[in-house]
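Dear colleague,

Please find below the structure that I am handing over to you. My findings follow directly after it.

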Amino acid sequence: MSAQPDHAPVTTYAPAPGAPAELLAQLRADKRASAWVPAFEREWAAALEESRRTFSLGGLYAVVQDWQGRLASAPAVDAFVASGCDDGDFIDMAELRGRRRRR
């Protein structure tokens, strides 16, 4: 018999207790702080409210994990943009679907 209830989702990721505060400090130090800090705070507040209703930390963990990923990938995105690579030849899937329907 398990000590956890059947309905409790198993979370595979649990950040350290101080991770949200450390993440927010990193976001505030980033050049995108004016956009990223308010977005993080909105997502965190929504996840916190959900956590209060559901008694689950999964939403809070997901917000931390998502923002850690964004922060970690930011230098690669900056390097790509700075390289001047032309990404204009991408395939617009919506346009492609529209062409198929018209046939």
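A crossing of two helices is called left-handed if the near helix is turned anticlockwise from the far one by less than a right angle, and right-handed if clockwise. Helices are DSSP runs (H or I, at least four residues), numbered from the N terminus. By that convention, helix 1 and helix 3 make a left-handed crossing.

The model is a predicted one, in which local features need pLDDT of at least 70 and side-chain atom pairs count only at pLDDT 80 or more, while totals for chains, interfaces and linings use all residues. Residues are numbered from 1 along each chain as its sequence is written, and side-chain values use heavy atoms, with hydrogens and water left out.

Helix packing

Two packed helices are described by the angle between their axes and the distance between the axes. For helix 1 (residues 19-29) and helix 3 (residues 58-83), the axes come within 11 Å and cross at roughly 35°. Axes here are lines fitted to C-alpha atoms over the stretch in contact, and angles run from 0 to 180 degrees between N-to-C directions. On the helix 1 side, Ala19, Pro20, Leu23, Gln26 and Leu27 are in contact (heavy atoms within 4.5 Å) with Val64, Trp67, Gln68 and Leu71 of helix 3.

Salt bridges

The whole structure contains 6 salt bridges, each defined as a side-chain nitrogen of Lys or Arg within 4 Å of a carboxyl oxygen of Asp or Glu. One of them joins Arg32 to Asp30, at 2.7 Å from N to O. Arg32 is buried, at 18% relative accessibility; buried means under 20% relative accessible area, exposed over 50%, and partly exposed in between (1.4 Å probe, protein chains only). Asp30 is likewise buried, at 18%.

Arg32 also forms a salt bridge with Asp78, whose closest N and O atoms are 2.4 Å apart. Because Asp78 lies in helix 3 and Arg32 in the loop between helix 1 and helix 2, this pair ties together parts that are 46 residues apart in sequence. Asp78 is partly exposed, with a relative accessible area of 26%.

A further salt bridge links Glu43 and Arg70, with the closest N and O atoms 3.6 Å apart. Glu43 belongs to helix 2 and Arg70 to helix 3, so the pair connects parts 27 residues apart in sequence. Glu43 is partly exposed at 29%, and Arg70 is partly exposed at 34%. Through shared partners, salt bridges join Asp30, Lys31, Arg32 and Asp78 into one network.

With kind regards

Key:
Helix = DSSP H or I, 4+ residues; strand = E, 2+ residues; numbered from the N terminus.
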